Amino acid sequence: MTKMIAVTLLAVSLAAVSASQLILKYALSRQEWPLIDGDQWTAAAWRLVSSPTIWVGASLVLGGVICWYLAMVRLPLTLMLPMAGSIAPVVSIGAYVFLGESLTPYKIAAIVLIAAGVSWLAWLNS
């Protein structure tokens, strides 16, 4: 496996995990989840298992993990772990754009700092 393929797998992994978080949040927020007791467990479990959106989100998690481990064989962890830190800002921006969640000035500052740190660490590893 070439380094370029490994970097591509890392990028696919990060994108898949980020997308899965947004999809699962969307799918779960559309359901009403009361406190579950007694027979409601089976109904809640059935709603989860029968939801195509949940399956898409779970498949993206699985695909992301597989790509992560394939890339880990070729790339140094000192590059991969800082890159994994980019998931949080990507999901925050995606939640703002696609789910209508708020972005406060503190969150924006954190996103900028995380992006700068990840970029710096990636540059140091290149």
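In which helix is Ala-6 found? Ala-6 is found in helix H1. The structure is a predicted model, in which local features need pLDDT of at least 70, side-chain atom pairs count only at pLDDT 80 or more, and totals for chains, interfaces and linings use all residues. Residues are numbered from 1 along each chain as its sequence is written, and side-chain values use heavy atoms, with hydrogens and water left out.

H1 spans residues 3-29. Helices are DSSP runs of H or I with at least four residues, numbered from the N terminus. H1 has 27 residues and reaches 39 Å from its first C-alpha to its last. That is close to the 39 Å expected at 1.5 Å a residue, the expected span being 1.5 Å times one less than the number of residues.

Ala-6 has 0% relative accessibility and therefore counts as buried (under 20% relative accessible area, with a 1.4 Å probe and protein chains only). Other buried residues of H1 include Leu-9, Leu-10, Ser-13, Leu-14, Val-17 and Leu-22. Their cover includes helix H3 (52-72), helix H4 (77-84) and H5. Ala-6 itself touches Met-1, Ala-71, Arg-74 and Leu-75, not counting residues up to four places away in sequence; contact means heavy atoms within 4.5 Å. Ala-6 and Leu-75 lie 69 residues apart in sequence, yet 6.7 Å apart in space, C-alpha to C-alpha.

H1 packs with H5 (residues 87-99) at an angle of about 40°, their axes 9 Å apart. Axes are lines fitted to C-alpha atoms over the stretch in contact, and angles run from 0 to 180 degrees between N-to-C directions. H1 is therefore oblique to H5. Angles under 35 degrees count as roughly parallel, over 145 as roughly antiparallel, 65 to 115 as roughly perpendicular and the rest as oblique. The crossing is right-handed, meaning that the near helix is turned clockwise from the far one by less than a right angle. H1 contributes Leu-14, Val-17, Ser-18, Gln-21, Leu-22, Lys-25 and Tyr-26 to the contact. H5 contributes Ile-87, Val-90, Val-91, Gly-94, Ala-95, Phe-98 and Leu-99. These residues divide into 10 nonpolar, three polar and one charged.

H3 and H4 pack at an angle of about 155°, with axes 10 Å apart. H3 is therefore roughly antiparallel to H4. Their crossing is right-handed. Trp-68, Ala-71 and Met-72 of H3 meet Leu-77, Met-80, Leu-81 and Ala-84 of H4. This contact holds seven nonpolar residues, no polar and no charged. Ala, Val, Leu, Ile, Met, Phe, Trp, Tyr, Cys and Pro count as nonpolar, Asp, Glu, Lys and Arg as charged, and the others, Gly among them, as polar.

Conventions:
Helix = DSSP H or I, 4+ residues; strand = E, 2+ residues; numbered from the N terminus. Buried < 20%, exposed > 50% of the residue type's maximum accessible area, 1.4 Å probe, protein only.
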